[in-house]
Number of protein chains: 2
Amino acid sequence: MFENSGENKTSLSELGEFGLIDHLTQHFKIIHSTTIKGIGDDAAVIDFKEEKAVVTTDLLVEGVHFDLAYMPLKHLGYKSVMVNLSDVYAMNAKPKQITVSIAVSSRFPLEALEELYSGIELAAKLYKIDVVGGDTTSSTSGLLISITALGGANEQDIVYRSGAKPNDLLVVTGDLGAAYMGLQVLERENEVFKVNPRSQPDLEPYSYLVERQLKPEARQDIPPLLKALELKPTSMIDISDGLSSEIIHLCKSSKVGANLFEEKIPLDPAVISVCEEFEIDSTTIALSGGEDYELLFTIDQGDYEKIKGNPNFTVIGHMTEENEGMHLVTRANQKIPLIARGWNALGKEEE
Amino acid sequence: MFENSGENKTSLSELGEFGLIDHLTQHFKIIHSTTIKGIGDDAAVIDFKEEKAVVTTDLLVEGVHFDLAYMPLKHLGYKSVMVNLSDVYAMNAKPKQITVSIAVSSRFPLEALEELYSGIELAAKLYKIDVVGGDTTSSTSGLLISITALGGANEQDIVYRSGAKPNDLLVVTGDLGAAYMGLQVLERENEVFKVNPRSQPDLEPYSYLVERQLKPEARQDIPPLLKALELKPTSMIDISDGLSSEIIHLCKSSKVGANLFEEKIPLDPAVISVCEEFEIDSTTIALSGGEDYELLFTIDQGDYEKIKGNPNFTVIGHMTEENEGMHLVTRANQKIPLIARGWNALGKEEE
């Protein structure tokens with residue numbers, strides 16, 4: 001993707017640690033008046049006023065979570081922020097600040113980090129986030145990004161994973177499986193490129209899938225939409241590891257069971273067609289693909305009218321008593337136990 | 001130090017990501033009633049009440065910040081927490097929560113991570129910190145620890161780097177240089193050990209130095225002591241990179257100069273004697289050694305009586321007008337410009 005060999009490339013060691021942080025963060029603007037102090041002291045200072053603070057952190061490792069062969073650095077910076085913001089939205093809260101720490105090996109020139117930070121900056125601008133701190137250091141190999149996101153919410157608005165009740169409806173935003181299939185397409189093109197570097201991939205038919213993989217958007221629209229609908233979910237989680245894994249999290253936290261209806265799972269037509277092309281079952285992809293960054297939540301049945309017909313939401317099932325277990329109800333009306341085959345950074349399927 | 005080869009060693013992949021987090025954090029207790037939700041949801045929820053929130057983050061990388069040849073994992077866990085808490089104390093604030101993210105290669109067995117977490121747990125217990133979140137993932141090589149610390153303070157108590165005025169006194173807590181010399185001793189013993197694995201190092205004469213390197217304590221006593229003395233520093237920073245570098249930070253943030261008096265720099269007798277043994281200038285070590293985690297602050301001259309004779313504090317200089325520059329005044333009464341030769345994770349001396 002890039003090498004530290006071209007002309008006009010600046011070695012990181014020329015800048016030093018403090019110089020590097022100053023350089024990379026010089027364009028970052030503080031948006032929130034509640035950010036009392038951002039970068040430049042031992043710590044940032046934030047005023048949460050009447051709100052409760054919501055805090056989440058994620059670590060992205062080269063070779064584990066991303067491959068720079070097909071993930072442009074600007075997109076990687078953007079996506080790193082999205083991954084964290086998505087967790088804040090999943091609390092029905094509003095993210096306001098992030099800290100960004102990176103470890104990089106010396107093979108990365110300054111220009112590579114500028115690309116990475118331009119993606120972070122774009123995400124911060126579009127989602128109205130202040131970058132208030134971080135750490136920059138060298139690594140012995142590869143690139144690693146650790147982001148912590150801070151947000152605020154009124155206590156009565158916060159939605160945990162633990163509040164679902166039997167008979168609650170299970171609802172998902174958007175559609176599922178596209179990010180994973182985008183990754184499959186990119187990996188295939190990368191293999192072709194390795195064999196024939198002159199090949200010109202035509203990614204146009206896969207543009208939606210590739211965009212969902214390379215430039216996912218966190219659902220910042222959902223918390224205000226829920227507020228406008230006067231709808232507070234009983235539980236909520238974001239879909240980072242695949243639908244199946246997230247349903248299991250909600251069920252375990254809430255001590256309930258669930259029935260998920262295969263025919264209700266929202267799939268984009270592009271997912272269906274690429275699954276046919278790859279000869280993969282699209283339901284499996286939706287259940288286990290991951291990285292969709294949609295929101296999954298439960299609502300009281302009495303609130304159904306509030307979401308009925310709303311294109312942002314799809315009712316995909318309902319919660320049951322805990323002892324009924326967690327099942328996928330197939331199109332053939334078979335009940336199959338849900339298992340979490342979610343993408344797992346430690347290399348094992350979750351039970 | 002350890003290998004993933006012994007009996008009774010558990011491979012990380014046997015547990016999976018969620019199992020691992022649950023396993024490692026099962027003993028962690030929530031202390032603060034303001035920690036509304038800790039580990040186990042998309043994000044933690046914290047109530048800062050009337051206080052402002054203070055947020056800081058640090059990244060520690062194997063082979064860059066620590067060497068497992070002489071850093072036991074339990075100590076590493078403890079120290080990783082201290083590094084972050086020290087930044088919170090440097091704001092004159094009280095740390096209350098941390099998130100802990102780690103990336104580990106598969107060469108680490110579960111038992112190694114248990115050791116690491118036992119050090120984190122001990123630090124959390126002794127410093128009354130809630131571990132409220134984190135992320136655990138694999139790395140392609142080595143161990144990396146990213147910790148974010150959250151604290152609280154009343155707005156009027158927060159001390160920034162930027163408030164020092166000309167004629168303010170420059171004050172440091174504790175003594176300097178011991179952590180760096182502890183590292184020199186450990187590195188020497190490691191070299192001896194490589195040549196002769198049967199050698200039995202006698203570290204007893206160096207116990208203070210080695211402890212300052214392997215098990216530093218953040219100065220949690222200082223903010224309440226300052227409060228008891230009714231003393232609010234005009235600026236403050238913690239000493240992680242060496243005295244010289246930190247003085248320069250205070251001066252640049254406050255737009256002042258400084259005179260540091262060599263004869264006033266507090267050194268433990270063990271530092272003086274080991275510097276003679278290693279034939280290194282002890283002033284250089286205090287100026288550039290780093291990792292002391294003491295606090296450096298400035299006070300109005302009118303507050304001098306409040307610290308006079310207090311064994312926790314040493315007045316080492318005073319601030320000047322910015323155009324007078326930053327100088328070390330030697331025992332021979334020579335003025336030498338201060339330069340930051342601080343320990344630099346990116347491999348370059350800071351200007």
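Which residue in β5(A) is the bridge partner of A:I98? The residue is A:V131. This model is predicted.

Strand β4 (residues 94–104) of chain A pairs with β5(A) in the parallel sense, over eight bridges. Both strands belong to an open sheet of six strands. The order is β5(A)-β4(A)-β6(A)-β3(A)-β2(B)-β1(B), and the pairing is mixed. Why is one side of β5 of chain A left without a neighbour in the sheet? β5 (130–138) of chain A stands at an edge with a single partner strand, so one of its sides has no neighbour there. β1 (35–37) of chain B stands at an edge too, likewise with a single partner strand. From one strand to the next, the twist averages 20°.

Strand β3 (residues 52–61) of chain A and strand β2 (residues 44–46) of chain B pair in the antiparallel sense, over three bridges. In β2(B), B:I46 is the bridge partner of A:A53.

Helix α3 (residues 110–126) of chain A lies across β4, β5 and β6 of chain A. Helix α3 runs at about 175° to β4(A).

## The seven-stranded sheet of chain B

Chain B also holds an open sheet of seven strands, again with mixed pairing. Its order is β8-β10-β7-β11-β9-β12-β13. β8 (235–238) and β13 (335–337) of chain B stand at the edges. Each has a single partner strand, so one side of each lacks a neighbour in the sheet. Neighbouring strands are turned by 25° against each other on average, direction ignored.

Inside this order, strand β7 (residues 169–173) and strand β10 (residues 295–299) of chain B pair in the antiparallel sense over four bridges. B:T298 in β10(B) is the bridge partner of B:L170. Helix α7 (residues 243–254) of chain B lies across β7, β8, β9 (257–261), β10, β11 (313–320) and β12 (326–329) of that chain. Helix α7 runs at about 145° to β8(B).

## The interface in numbers

How many residues does the contact take from each chain? There are 68 from chain B and 68 from chain A. Chain B and chain A bury about 5,400 Å² between them. Carbon and sulfur atoms carry 57% of that area.

Polar links cross the interface as well. The rule finds 19 residue pairs in polar contact, both residues at pLDDT 80 or more. On the side of chain B that touches chain A, the largest share comes from strand β3 (residues 52–61) of chain B, with nine residues. The residues of that side divide into 27 nonpolar, 23 polar and 18 charged.

## Salt bridges

Side chains of opposite charge can pair when their charged atoms come close. Over all chains, the structure holds 39 salt bridges. Across the interface of chain B and chain A, the rule finds six.

A:D47 forms a salt bridge with B:K52, with the closest N and O atoms 3.1 Å apart. The side chains of B:R161 and A:D42 also meet in a salt bridge, at 3.4 Å from N to O. This pair crosses between chains. B:R161 sits in the loop between β6 (143–153) and β7 of chain B. A:D42 sits in the loop between β1 (35–37) and β2 (44–46) of chain A.

Terms used: Residues numbered from 1 in each chain as written. Chains lettered and ligands numbered in written order. Predicted model: local features only at pLDDT ≥ 70, side-chain atom pairs only at ≥ 80, totals over all residues. Heavy atoms only, no water. Contact = heavy atoms within 4.5 Å. Buried area = accessible area lost by both parts, 1.4 Å probe. Salt bridge = Lys/Arg side-chain N within 4 Å of Asp/Glu carboxyl O. Polar contact = N/O pair within 3.5 Å; in protein donor to acceptor, adjacent residues only side chain to side chain. Helix = DSSP H or I, 4+ residues; strand = E, 2+ residues; numbered from the N terminus. Nonpolar A, V, L, I, M, F, W, Y, C, P; charged D, E, K, R; others polar. Pairing = 2+ DSSP bridges. Axes fitted to C-alpha atoms, helices over the stretch in contact; angles between N-to-C directions.
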